[in-house]
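Subject: Structure for your files

Hello,

Here is the structure you were expecting, with the sequence alongside. My notes on what was found in it follow below.

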Amino acid sequence: MLITATLAFSWGCNRTPPPPPTAIEVVPKRLLLDGPAANKDQQFSAMAWCGEQLVLVPQYATEIYTLSRTQIDNAIERNTRLRPATLPISPSDPSTTIPGYEGFEGITCGDDGRAWLTIEASPPEGMVGWLVPARLIENPSAVLELQLSQKLSIPSQSGIGNKSDEAIWLFDGRPHTLHEVNDPRYVDTPRAHVLNTDGVLETIPSLHLQYRITDVTAPDEDGLMWAINYQWSGDRRLRARRDEIQERWGFGRTHAQQVGRRVERLVALRQTAHGIVADERAPILLRLDGPDRNWEGIARHRDGFLLITDTYPETIFAYVPAPDTHRDN
């Protein structure tokens, strides 16, 4: 089932109240970072597993941070603090070849030392994303080498400022990207981009989805992947008059108080032979405690997920255990 928005709906004096807050809301368990990675000025924008190392990418990175599974497990089970290792990026300033450079937005890794990153830019002609291949070079010392001469531009499907293809993942060994905005008010026909075997970007059908998509997990063997679906309360442009996902699955206690204004949830998507579709799993709602949290990175871990914010409200690295209804996923 594709998810769409019904734009004619409006809240009025005779509005129908939202359904009872029966949906499960999960409280993220904060994992404490030490050292430079804990600084909110890092402004993390991407996260992914590269082999047994979790990589954390600041938006304006000159180096990326890495954590092992063992470190993360110890933090979850024993509340130990995490001090990530660092890996330099070369060249350290992509802005010299990318006009209007606005930093890294996504990363995905193969199993052969290859990686792909997305970069956002706002040159005078308008928003654009870039798909940049990279390779881990280990001699004489480890460095993630950007292959900027092979970068490919990704047109903005919404044309909205500060919005580009942020989410990136590998499927059948090929990098795929998804635009941050897929709202039918701004995008008639959503498409995901895929790098074909000839090194050319193609598009495949995707789905309408309200609010922002800032990152996705790597898909499993059945094509199931989870996306961060986020709405900042101050973003009036992307507020929804009607949220069909919440209407179907329940609003959750704290989400019921913020209908259409603030949303922090994970939604299940599936890659099929026909494109990207919604999966028939309930969303995972994050309890809305405190100020808005701009979640920018997601990765699976154990029976749940790892999440990281950018600079708002600060650097938050967290583990989100899946509710019981998702234990077999």
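**Strands, salt bridges and confidence**

Tryptophan 169 stands opposite histidine 176 in β13. Strands here, like helices, are DSSP runs numbered from the N terminus (E, at least two residues, for strands; H or I, at least four, for helices). Two strands pair if DSSP finds at least two bridges between them. β12 and β13 run antiparallel and are joined by six bridges.

This is a predicted model, in which local features need pLDDT of at least 70 and side-chain atom pairs count only at pLDDT 80 or more, while totals for chains, interfaces and linings use all residues. Residues are numbered from 1 along each chain as its sequence is written, and side-chain values use heavy atoms, with hydrogens and water left out.

The open sheet

β12 and β13 belong to an open sheet of four strands, in the order β12-β13-β15-β16, with antiparallel pairing. The edges are β12 (165–171) and β16 (201–205); each has a single partner strand, so one side of each is left without a neighbour in the sheet. On average, neighbouring strands of this sheet are turned by 30° against each other, direction ignored; the axes are lines fitted to C-alpha atoms, for helices over the stretch in contact, and angles run from 0 to 180 degrees between N-to-C directions.

Strand β8 and its partners

Strand β8 (residues 114–121) has seven of its eight residues buried, where buried means under 20% relative accessible area, exposed over 50% and partly exposed in between (1.4 Å probe, protein chains only). Strand β7 (residues 101–109) pairs with β8 in the antiparallel sense over six bridges, and threonine 108 stands opposite tryptophan 116 in β8. These two strands make a hairpin with four residues between them, and glycine 113 in the turn has a positive phi of about 85°.

β8 also runs antiparallel to strand β9 (residues 128–137), with eight bridges joining them. Glutamate 120 has glycine 129 in β9 as its bridge partner. The hairpin of β8 and β9 has six residues between the strands, and glycine 126 takes a positive phi near 130° there.

Salt bridges

The whole structure holds 19 salt bridges, each being a side-chain nitrogen of Lys or Arg within 4 Å of a carboxyl oxygen of Asp or Glu. One network of them links Asp73, Glu77, Arg78 and Arg302. Within it, arginine 78 and glutamate 77 meet at 3.9 Å, N to O. Glutamate 77 also forms a salt bridge with arginine 302, with the closest N and O atoms 2.6 Å apart. That pair links distant parts of the chain: glutamate 77 is in helix α1 (residues 69–78), arginine 302 is in the loop between β22 (295–301) and β23 (304–309), and they are 225 residues apart.

Are these three residues buried or exposed? Arginine 78 counts as exposed because its relative accessibility is 54%. Glutamate 77, at 49%, is partly exposed, and so is arginine 302, at 46%.

Elsewhere, glutamate 180 and arginine 212 form a salt bridge at 2.5 Å, N to O. Glutamate 180 lies in the loop between β13 (174–179) and β14 (181–182) and arginine 212 in strand β17 (residues 209–216), so the pair ties together parts 32 residues apart in sequence. Both residues, glutamate 180 and arginine 212, are buried.

Confidence

The mean pLDDT of the chain (the predictor's confidence in each residue, from 0 to 100) is 91, and 91% of its residues reach 70 or more. Over residues 325–329 the pLDDT is below 50. It also stays under 50 over residues 1–16.

Regards

Key: Contact means heavy atoms within 4.5 Å.
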